[in-house]
Amino acid sequence: MAMFSSIFGGITTDPAAMVIPMDDHMVHRGHGVFDTAAIMDGHLYELDQHLDRLLRSASMAKIGLPFDRSTIRNILINTVSASKCTQGSLRYWLSVGPGDFQLSSSGCPKPALYAIVIEGRSLPDQKGVRVITSSIPMKSPEFAIMKNVNYLPNALSKVEAEENGAFVGIWLDNEGYVAEGPNMNVAFVTADKELMMPHFDKILSGCTAKRVLVLAEKLIGEGMIDGIRLGNVSVEQGKMADEMMLIGSGIIVKPVLQWDKHIIGDGKEGPVAKALFDLIVEDMQSGPASVRVPVPY
Ligand SMILES: Cc1ncc(COP(=O)(O)O)c(C=O)c1O
C-alpha cells in the first residue's frame, strides 16, 4: 500500500503516516472532490478519463490545482508504483486544503492532493443482483455531475438497500426518470434490442458507462443489439426491459435480476450484460494505450 500527500510532499508506505490534517476543509466542510481508477495487471485503466473528470469536478467546486495536470498524472502513477500493487484501485482527492475551521476557503493557502492505493481482487463477480428504488433523495444535478466528497446520500442509499436485502438503491431524478445508483450508472436492453442509458446531464458521467457506449458498437455488428440510445428512461420502461445492468469501475457490468418486486426479463443474467462485461475486461487487459497506462514498478 502507498499514499501520496502534497502536505508532506511525497509518498509513504507506512500506514501510520497515511493521515490528512483535521483542518483540511475537505474533512470538516466537505470541500473536496475525488476520483478512482482501477489497477489491472499493473496498468491504470482509463486514468486520463478519470483525471479529466477529477479536474472538471475541481473546477466546479472552485478548488485550485496544487500541481499541473501532467505532474498530478505522474504522481498518481508513481504512487501505484511505490505500492507494488498490480490489482486494485487508486483513489485520489483534490481538496481546497488545510488552513482553519471556518467555512470560507479564503484561509486555505494551498490546495492539497492526496492519493491512496487500495489492493483488491482482480475481477468482480458477474452474479446478478436485486435492487430497490432508493428513498434517499438524490443530489441536485449541479452536485450530482461533480464527484465531490459529499457521499452521505450515496452511503445512506447503500445502507438502505442492504437493510432491505438488496445490492443498491436506484435513484430517480426530479422528473421521475431513472438516474443512477450510488456509485454506478444504470443501463437497459429494451425488448427491441436497444441498449438504453439515461443522459449524463443530471448524473455523474461514468467513465465505464462511456466506454461501454463505445465498445457496445461491436455488439451491433454482431447483431446482439440493434442500437444504442441515451435518453430519458421511465421506471416503467426500465422494469419492462429485457435486461437491466449496473455499470461502474468497481463492479464493471453487473446484471440486475429484480428491481423492487419486479423480475427483469426472465430473471436470469442476460447475454448483453455478459458481453459488455467481457468487452470491458478485455479492454482492461489488452485495450489501446488511450485507456491503459502501464505502471513502471
Ligand atoms: C454517483 C456515481 N455514479 C456513477 C459512477 C460510475 O462512474 P465510473 O464508471 O467512472 O466508476 C460512480 C463511480 O464512482 C458514482 O460515484
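1. Helices and strands here are DSSP runs, numbered from the N terminus: a helix has at least four residues, a strand at least two. With that in hand, take M22. M22 sits in the loop between β2 (10–12) and α1 (25–28). Keep in mind throughout that this is a predicted model.

2. Is M22 buried or exposed? M22 has a relative accessible area of 55%. The cut-off for exposed is over 50%, so M22 counts as exposed. M22 also belongs to a nonpolar surface patch, together with I20, V27 and F101. The area of that patch is about 370 Å².

3. Now step back to the whole chain. Domain 1 covers 3–119, and domain 2 covers 129–286. Their centres, taken over C-alpha atoms, are separated by 27 Å. Domain 1 brings 20 residues to the contact, and domain 2 brings 17 residues.

4. How much area do domain 1 and domain 2 bury between them? The figure is about 1600 Å². Of this, 67% is on carbon and sulfur atoms. On the domain 1 side, the residues that lose the most area to domain 2 are F34, Y45 and R53. Together these three make up 38% of what domain 1 buries.

5. Look for salt bridges across the interface of domain 1 and domain 2, and the rule finds zero. The structure as a whole holds 13 salt bridges. Some of them are taken up below.

6. D48 lies in helix α2 (residues 47–60) and R73 in helix α3 (residues 69–83), so the pair ties together parts that are 25 residues apart in sequence. The two partners fall into separate accessibility classes. D48 counts as buried, because its relative accessibility is 17% and the buried class is under 20%. R73 has 22% and counts as partly exposed.

7. R69 and D52 form another salt bridge, with their closest N and O atoms 2.9 Å apart. This pair also links distant parts of the chain: R69 is in helix α3, D52 is in helix α2, and they are 17 residues apart. R69 counts as partly exposed at 28% relative accessibility. D52 counts as partly exposed too, at 34%.

8. What links D48, D52, R69 and R73? These four residues are linked in a network of salt bridges. On the structure, look for D48 in helix α2 and R73 in helix α3, then for R69 in helix α3 and D52 in helix α2.

9. One more salt bridge pairs E222 with K218. Here the closest N and O atoms are 3.6 Å apart. E222 counts as exposed, at 52% relative accessibility. K218 is partly exposed, with a relative accessible area of 46%.

10. G32 deserves a look. G32 is placed in strand β3 (residues 32–40). Its relative accessibility is 2%, so G32 counts as buried. Which residues does G32 touch, not counting those up to four places away in sequence? The list is M26, I63, L94, S95, N148 and V149. Of these, N148 and V149 have numbers that fall in domain 2 (129–286). G32 and W93 are 61 residues apart in sequence, but 6.8 Å apart in space, C-alpha to C-alpha.

11. Check the backbone at E46. E46 has a positive phi of about 55°, although it is not a glycine. E46 is found in the loop between β4 (43–45) and α2. Is E46 buried or exposed? E46 is buried, because its relative accessible area is 3%.

12. Phi of K193 is near 60°, a positive value in a residue other than glycine. K193 is in the loop between β9 (185–189) and β10 (194–197). The relative accessible area of K193 is 34%, so K193 is partly exposed.

Definitions and conventions. Residues numbered from 1 in each chain as written. Predicted model: local features only at pLDDT ≥ 70, side-chain atom pairs only at ≥ 80, totals over all residues. Heavy atoms only, no water. Patch = residues over 30% accessible without salt bridge, like charges linked within 9 Å, V, L, I, M, F, W, Y side chains within 5 Å. Areas by Shrake-Rupley, 256 points an atom, 1.4 Å probe, with all protein chains shown as cover. Salt bridge = Lys/Arg side-chain N within 4 Å of Asp/Glu carboxyl O. Buried < 20%, exposed > 50% of the residue type's maximum accessible area, 1.4 Å probe, protein only. Domains from an automatic or database assignment. Contact = heavy atoms within 4.5 Å. Buried area = accessible area lost by both parts, 1.4 Å probe.
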